[in-house]
Amino acid sequence: MQAEAVHSLSRNERNPGVPLTPDWFDHIAVNTPAAERRAATLTTRRTVKKEWQAAWLVNAIRCMDLTTLSGDDTPDRVRRLCAKARQPLADRILVGLGLDRVTTGAVCVYPTMVSTAVKALAGSGIPVASVATGFPAGLMPLNLRLAEILYAVDQGAEEIDIVITRAHVLDGNWSALYDEVAAMREAAGAAHLKAILATGDLKTLRNVYKASMVAMQAGADFIKTSTGKEGVNATLPVSLVMARALRDYGARTGFRIGFKPAGGMKTAKDAIAWQILMKEELGNDWLRPDLFRLGASSMLGDIERQLEHHVTGRYAASSRHALA
Amino acid sequence: MPSVSDILETMDYGPAPEAAGEVLKWLSARGDFGHYINGRFTPPGTTFEVRNPATGDLLARVSQGGEADVAAAVKAARAALPRWSKLSGHDRARHLYALARHIQKRERFLAVLETLDNGKPIRETRDIDVPLVARHLYHHAGWAEMLAEEFPGQGPVGVCGQIIPWNFPLLMLAWKIAPALAAGNTVVLKPAEYTPLTALAFAEICAEVGLPKGVVNIVTGDGATGAALVAADVDKIAFTGSTEVGRAIRKATAGTGKKLTLELGGKSPFIVFADADIDGAVEGVVDAIWFNQGQVCCAGSRILVQEGIAGTFTERLTARLGKLRLGDPLDKSTDIGAIVDPVQLARIRDLVAQGQAEGAVLHQAPCQLPSRGSFFAPGFFTNVAPANIVSEVEIFGPVATLTTFRTPDEAVELANNTRYGLAASVWSENINLALDVAARVKAGVVWVNATNIFDAGAGFGGYRESGFGREGGREGVGEYLSEAPVKAKAESAPVTLETGPVPEAPAGVEPIDRTAKLYIGGAQKRPDSGYSYAVRGKGGVIGLAGLGSRKDIRNAVEAAHKAAGWGRATGHNRAQVLYYLAENLAAREAEFALRLKSAGSPKPAEEVATAIRRAFYYAAQADKFDGAVHATKSAHVTLAMPEPFGVMGIACPTDAPLLGLLSLILPAIAMGNRVVAVPSQNMPLSATDLYQVFDTSDLPGGVVNIVTGPRDDLAKTLAAHDDVAAMWYCGSPEGARMVEAESAGNLKVTWRVQNRDWLGAEGQGRGFLSRATQIKNIWVPYGE
């Protein structure tokens, strides 16, 4: 919110990127114990109860990239997921909450599943996000990775979740990283680019900050923590550092970058925790789907159970809720 | 209540109050409280009201303890002492363990009660205060178990009077009671008048776990009750609170022989270097001065930021300030609760207004204050001159000062530009810089890249006017143990000093007349008074010594301060000097023995030989009496470093003119102190003979300064000197009382040294070294 006072951030303008500017991150200091302390106490300093809890859980659904990224995905499986994205909550729960319609923020699938998802979501306004660039490791020739982006966009994906080459970060080869992401951004065209940093592979929080800043300088619309396939996926300390990086980028350029934690978040409690982090570190604008997405799959089921409990006062059974 | 749709627009947090029903039920069932004496509650006497500072609502009526109540409590504690102190460590450990467990079983009850009584947010009582209370009791159950093995020969002090403040009521109770009980003492505790309720609940828990009656007694009341406890027949006073009251207690206990520990105020620096994690440091400020409404003795209340990052830091700090939520302390999303009492609120308002009037600019959180209750919006000052009242005085509210510095040296200078020395916080990603500053800052606790981290396993306590003594860890247990008693020996009475010519034949004839001057800054100086006094030996006058005065003490202290490099030398370097001193003394052994003989010393040769051995002993200790790494939290190195005080005053016994002096100055300088010593008033010539030994032993000038003359007059000047950090006094009971009373000015650490058989084993030991040092705890969290 402070950034707003300094620059008038334009809400709708996409980040065009800036030339690679290592000065913005070369000397960044991130003290890991300090970041861990902040992350650990975020959720002990804030809580939401009753109606507020219900609203925040509904908001998590609005910001959710409902995801399936498995080797055994099939068109039918994807159609079922899309149906859930259209109607993530049973009617009786919606009525109980006094809401008309809630959908997830997007559906996220592999490139070969995009066309199925686009058809299944026709008319819903729900965008399809596709992973690309040799997800999850990204270790494919650049031309093939760019071709994959073009394919996914051609299939109708409005958002592309790319993975970066972790080696560029580990080697400190920022120009290689910058060039790669800039090329991907160009290939994505009108589709929004979410840069997956695979923070579990980057290991240090300084690396996370630097990779975040390079991805934004190269034109990423979102920065995203993880593929869900690394040993460690979204964590609060990593998210904290990424949020601060995008705050700093906004303060320098005036462009707002979105944030997407992904992987490992399974519970309604996680959904609240990450929203608290967004609100505290960045402000309410980062609680909207244009700037915040939760990459999750099983989390929705837990949220639906919590919301049913809120409506009925009885603890819920997942067998009564439609499968994703 | 807004609908889900409405909230989806605002994304507010909404209310999340912790229920207080169970606690209010307990309060109403208890009615007015009496004192807890000898295992039961007395009928309520004259009562005063205890109110919830967040609402002004009456919570309870509590009895105002008078002298008779205090006396009854002390009597109960005295009666309980023999059995309790003779219980095995294991049996006492069982009791402490039971207390710890019961605290945990009552954790929510105690957290809610504390929040109601004190006004601090439930997040803090629930996540910080009460868990630390349990941790403290567990930790000290351990010390009780191991006491005999870990502290051989030491025993309890006796009945301890304990006076605690209102900012962490139950936690301070635990800090006081746990070590006292572990060491076999019994206690009379007086909680603060604003916040007595958790102490009274603790009394019930003592009964609940079957603690023997009289071991813990709780007398409620105000400052008058505290004063009555200080004056009562107790063996020790442990006080946490304001420096002003601490000073009064120091004076009141002077000469009584009551052991004393004081944990007082602070104005702790929070130093942010340009290479720090700025966001981490900003969050540190939240945990420093915006923790517990700033009512924290060790709060980082003076933020010092390196110039290059001051703009960014201030911007981010302002943004973070804007996120703080002030309001109902029982709400789980509240950061800033109520100030403990309207009186304190008025004090904060006055100081802040005065600071503004003196030119400081206040930046305050834009929060709406509740319509009732004692609340103060958190903030910080910029544009603060060093002489502004808010730079110097502890506000004890949620307002820090923010000033800049240019270099590490300047940061240290600014950090140490205070009468206090409780804590410091240092932020830098450069470990060399951070540890260098941690070593140079005058504070009992230093947190590197962190702040306000506490654990029962580490010592906590201050330098300078922040008090003395430590709580927590091994050093804290030591405060509740008495050393193995020394066999005291009466010293010869100080002689009257004759400053006029003595028309007698000299007792011994020097080949050439010698003039014994003072020894200041490594040079022999004439006394400022221009007088000398006659020193009498066995057969008459054996020489003249300079008649030192206040001005000589002043000069000696200044010279001692200039020799600061001695404290930074390695233990090995200091050992070399001490060995060399022994060597040079040995070379002149016969001469020193002769001098002692002429003075009438009973065992001159043995005295010199023992002095040489003693120099060897402290040379040996110089690089071995070192610190510890405490086991505290995971991924934290917690260093307990013994540091020299700096400049110490030492008043020596009239007997053992050589050995008495060296037995006191050698341990002091071995640890890196510089000393101003007043040698035996009756026979100062053995001391003045040492000047040449010092000169030939590479002892840097100013490390040892010797002022001969009237001991108690000179000791009084030293004890009252604000730039002397510690004072050892060997002499009369009246002199000791005087030294302790005079020391209250800057709250220097004093030690009344019993005159003893200096030739024996009691003349040296680790006890001297621990008296010559203060422990600094440095917390270094790590992790990548």
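Analyst: What follows goes from the contact between the chains to the helices behind it and then to each chain as a whole.

The model is predicted, and everything below is computed from it. The contact between the chains draws on 34 residues of chain B and 33 residues of chain A. Sorted by class, the side of chain B that touches chain A consists of 14 nonpolar, seven polar and 13 charged residues.

The crossing of helix 11 and helix 12 of chain B is right-handed. From helix 11 of chain B, the residues involved are B:Ile278, B:Asp279, B:Val282, B:Val285 and B:Val286, and they meet B:Thr312, B:Phe313, B:Arg316, B:Leu317 and B:Arg320 of helix 12 of chain B. By class, this helix-to-helix contact has six nonpolar residues, one polar and three charged.

The axes of helix 3 (residues 50–62) of chain A and helix 14 (residues 299–312) of chain A come within 10 Å and cross at roughly 150 degrees. Angles over 145 degrees count as roughly antiparallel, and helix 3 and helix 14 of chain A are therefore roughly antiparallel to each other. Their crossing is left-handed, whereas that of helix 11 and helix 12 of chain B is right-handed. Helix 3 of chain A contributes A:Ala54, A:Leu57, A:Ala60 and A:Ile61, while helix 14 of chain A contributes A:Leu300, A:Ile303, A:Gln306, A:Leu307 and A:His310. Seven of the residues in the contact of helix 3 with helix 14 of chain A are nonpolar and two are polar, with no charged residues.

Now the chains themselves. Chain A contains 14 helices and eight strands, and chain B contains 28 helices and 31 strands. For the 324 residues of chain A, a compact globule would have a radius of gyration near 20 Å, and the value of 19 Å for chain A agrees with this. For the 784 residues of chain B, the expectation is near 28 Å, and chain B has 28 Å, which agrees. The C-alpha trace of chain A spans about 55 × 45 × 35 Å along its principal axes, and that of chain B about 105 × 65 × 45 Å.

Of the residues of chain A, 60% count as buried; in chain B the share is 58%. Among contacts with a separation of 6 or more, residues 24 or more positions apart account for 77% in chain A and for 75% in chain B.

Key:
Residues numbered from 1 in each chain as written. Chains lettered and ligands numbered in written order. Predicted model: local features only at pLDDT ≥ 70, side-chain atom pairs only at ≥ 80, totals over all residues. Helix = DSSP H or I, 4+ residues; strand = E, 2+ residues; numbered from the N terminus. Rg over C-alpha atoms; globule rule 2.2 N^0.38 Å. Buried ≥ 20, exposed ≤ 12 C-beta atoms within 10 Å, placed from the backbone. Contact = placed C-beta atoms within 7 Å. Nonpolar A, V, L, I, M, F, W, Y, C, P; charged D, E, K, R; others polar. Left-handed = near helix turned anticlockwise from the far one by under 90°. Axes fitted to C-alpha atoms, helices over the stretch in contact; angles between N-to-C directions. Parallel < 35°, antiparallel > 145°, perpendicular 65-115°, else oblique.
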